[in-house]
Amino acid sequence: MPREAEPSLNEKQFILQALQENLRLDGRQLDQYRPLELTFGDEYGVAQVSLGKTKVFAKASAEVTVPYTDRPLDGVFTIMTELSPMASPAFEVNRPNETEVLLSRLLEKTVRRSGALDTESLCLVAGQKCWSVRVDVHVLSHDGNVIDASCLAVVAALRHFRKSDTSMEGGVLTVYTPAEREPVPLGWLHSPFCVTWSFFGDEGETAVLDATRAEEQIRVGSCTISLNRHGEICQIAKLGGTPVEAVALLQCTSLALTKVKEFSTVLDRKLAEDSKRRDKSGRAAELTAENDR
Amino acid sequence: MPLDTSAYSLALLRVDGRRWNELRRIHAQIRTQAAADGSSYFEMGHTKVMCVVNGPSEPGPRRGGTAAAAPGGGQSKDAEVAVSIVVAGFSSVDRKRVGRGDKRILELQSTISSALTASLHTHLYPHSTINISLHVLSQDGSLLAALINAATLACVDAGIPMTDYVAACTAGSTSTYAANDESADPLLDLNHQEEQELPGLTVATLGDSDRVAVLVCESRVQVGRLEGMLAVGVDGCKQVREILDRVVREKGRRMLQEGTVEKGVGLDEMDMD
Amino acid sequence: MTVTAAPQAALSVLPRADGSAKYSHAGYTVTASVNGPIEAQRRDEHAYEAHVDVIVRPAAGVGGTRERHLESILQSSLTQIILVKNFPRSLIQIVLQIEATPENDYVNTKLVQASLNFSIMPALFQTAILALLSAAVPMRATATASVVAVVPETKSKKLVVDPSPRELEAAQSVHVLAFTSQGELLLAESEGDFTVEEWDEVYETAEDVCCKSETSKSDVDMMLDDDDDDAGPADMHQFIRSTLEDKVAADLHWK
């Protein structure tokens, strides 16, 4: 497979020199994100996030399955991340590389292990039937900071998602189709978001948010911090790289919290806008139904 | 809840009888395998790991499962650090088969590789690979920390130039994330039981400095707790570094006594500092 | 989801791929990226021509045999129109990411095993062609595809272009046909049972959808630019052509 082209020596020097003078190639502040765009699809549970030229698409889906025998009261929740050659020809199909493994582990820790989704509410009949919720993350275009974009897309898709309504009557479980009953949202507990810092310089003294692909290729280390807006850390991952002062990491965490609060507001606003849009059409649909009768 | 957290506040003693800032017994050996370029054995309480380092050497045919961080070890200007971890089936209470593609293991491998790459002088060995294979014999919490320490010792034994020791340990906090009490104490060096119940993090620092090479937190915790935990963790790393340093010096002295190595010019210099 | 909606397409939507396109029609939305010609892997390398690699990725769930089947159909027909002999020992990689499929509100679907069927073929085909054009991969002709289902009614049978999931369930047979811009038949795949007469009818309908203007009218120049004829999806060839014209016009606007 073709390898990803590395930035040339001149490019490296230029970017590093500029960063030392607190400048970035695209004119952003060091702690500034690229313009964030979040759109929902026509279906429930489809979210597309773009951060500059990075584009991520997430789709949530659910089906009824049998729960795991060691966890009879919990539903099944999986996050699938598979990077296709669409993001970069260096990715191969069916052969996970390091980026993919780290991305899926981070999303797993941030969203699944932090208990963002109430898996107990996915249980239908203890030990026999439960919902299996699944999110597929597709990276359409990789221009750096796929982690933050993917995490936002996953959380947005799950909060936007509606699963079919069910009822239990006399030991008979009925799963209603969307035509019979309006689908219901998932049991959601808190919304975690990832914020990734990239470090530059010999001692990792320059910390930068939302690195582009070129910046990612020359950084000496990175640290992904996942928080929710209540100030709870869900996960921190500084997996090696050049050592960074402990105090600097603490500063990064508190700055990350402000960014997470911004994300949270943006997502809440977008969800409200979307539900308003849907409600309008929902009422219109109701009206036509009445007229038919 | 198998761990009775209420007992801690009464006697200020943890389940295994330690105080908040005590490390477990650390036992370390280097040069345990004669055939390898470098090797070590590291115990942190009941967590026991073994490490073998081969290289720097010409990269052989690429095997799966290694962390290929640098694009193609053979072509790059720096040596590639390839880490492979084998978790023995008997290492923990439940015998769970760990597959080759297990993402948790892949993440550990990539973390250790990346942490050591930053400390080793890889630029001295272009077009070559340093193979680090780690074997987990017994698990009782702080696995990543033990692995990093063992890998550091083995790299010292292999004689690969490095800036300083990468020493690691874990730190935790005495109450769960939900309880927002200010009285929560930080804890040093978590065992398996504490790791399951309490929030914790793994820290690795470079030498005597406060510079953090690895910081992994996998549990939910209030952001205000981080500072205390990190401070305790960094302090623990310094203690671990002292222990590692002692082990290396002790082994060196013994080798000189036994005449395994001649007291050469290079070693003379080493004795002086 | 209205099935009669006119197709929509955008070119070069992904900044990092050599060529890309997004296409939505009849409830399907597909994004495609094309990279190539790039270095081929040893096992795919062909001494005299480029290897065309098609990857179909469903929006949810893992791909299975059905996706592999669609991939192989697409691969063999695209190999025919791409000038593969121009790029020996290289690879042209086409990734088709499905983003939306029309939902059947009356059935609860199983999702872990995504099972695509023929009705998505036109969307995949058109997107692939648009992305190839956007990547400037030399081709001997463009091509378009359409899907026609034979749906039984009480007495007779009815031909449905771009069938909905419910019509697809009721259909006796489903046919995918693709035509090149010269009006040649490039691909014909059918499933279900049908008679030769039915197939002839299907052929004519599909040809109508794909390249009506070439066969019926001699001067095709400007007449398709008026957009009010989207009652029936007028003609796929003209659609692809006008999409490209728009893109070229927009890109060369500064001139």
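**Figure 1. Pairing of β3(B) with its neighbours.** In this predicted model, Val52(B) has Ser133(B) as its bridge partner in β5(B). β3(B) and β5(B) run antiparallel and are joined by 8 bridges; two strands pair if DSSP finds at least two bridges between them. Strands (E, at least two residues) and helices (H or I, at least four) are DSSP runs, numbered from the N terminus. Strand β2 (residues 38-44) of chain B also pairs with strand β3 (residues 47-57) of chain B, in the antiparallel sense, over 7 bridges. Met44(B) has Thr47(B) as its bridge partner in β3(B). Residues are numbered from 1 along each chain as its sequence is written, and chains are lettered from A and ligands numbered from 1 in the order in which they are written. Local features need pLDDT of at least 70 and side-chain atom pairs count only at pLDDT 80 or more, while totals for chains, interfaces and linings use all residues; side-chain values use heavy atoms, with hydrogens and water left out.

Figure 2. The 5 strands have the order β1-β2-β3-β5-β4 (chain B), and the pairing is mixed. β1 (26-30) and β4 (80-87) of chain B are the edge strands; each has a single partner strand, so one side of each lacks a neighbour in the sheet. On average, neighbouring strands of this sheet are turned by 15° against each other, direction ignored. Axes are lines fitted to C-alpha atoms, for helices over the stretch in contact, and angles run from 0 to 180 degrees between N-to-C directions. β4(B) and β5(B) run parallel, joined by 8 bridges, and Glu80(B) has Thr129(B) as its bridge partner in β5(B). Helix α2 (residues 103-119) of chain B lies across β4 and β5 (129-138) of chain B, at about 145° to β4(B). Helix α3 (residues 143-158) of chain B lies across β1, β2, β3, β4 and β5 of chain B, at about 150° to β2(B). Contact means heavy atoms within 4.5 Å.

**Figure 3. The open sheet of chain C.** In chain C, 5 strands form an open sheet in the order β1-β2-β3-β5-β4, with mixed pairing. Strand β3 (residues 28-39) of chain C and strand β5 (residues 90-100) of chain C run antiparallel and share 9 bridges. Ala32(C) stands opposite Leu96(C) in β5(C). α2(C) lies across β1, β2, β3, β4 and β5 of chain C, at about 150° to β2(C).

**Figure 4. The largest cavity.** There are 2 cavities of 30 Å³ or more, and the largest holds about 60 Å³. A cavity is a set of points, on a 1 Å grid over the protein atoms alone, where a 1.4 Å probe fits but cannot get out; lining residues have an atom within 4 Å of a point. Grid points are joined across faces, edges and corners, and a volume is the space filled by probe spheres set on the points. Among the lining residues are Tyr23(C), His25(C), Asp162(C) and Pro163(C). β2 (19-25) and α2 (121-134) of chain C each supply at least two residues of this lining.

**Figure 5. The contact between chain A and chain B.** The contact takes 37 residues from chain A and 34 residues from chain B. About 3100 Å² is buried between the two chains, 56% of it on carbon and sulfur atoms. Buried area is the accessible area (1.4 Å probe) that two parts lose on being put together, summed over both.

How values were computed: On a 1 Å grid over the protein atoms alone, a cavity is a set of points where a 1.4 Å probe fits but cannot get out, and a pocket is an open set with protein on both sides within 12 Å along at least five of seven lines; lining residues have an atom within 4 Å of a point.
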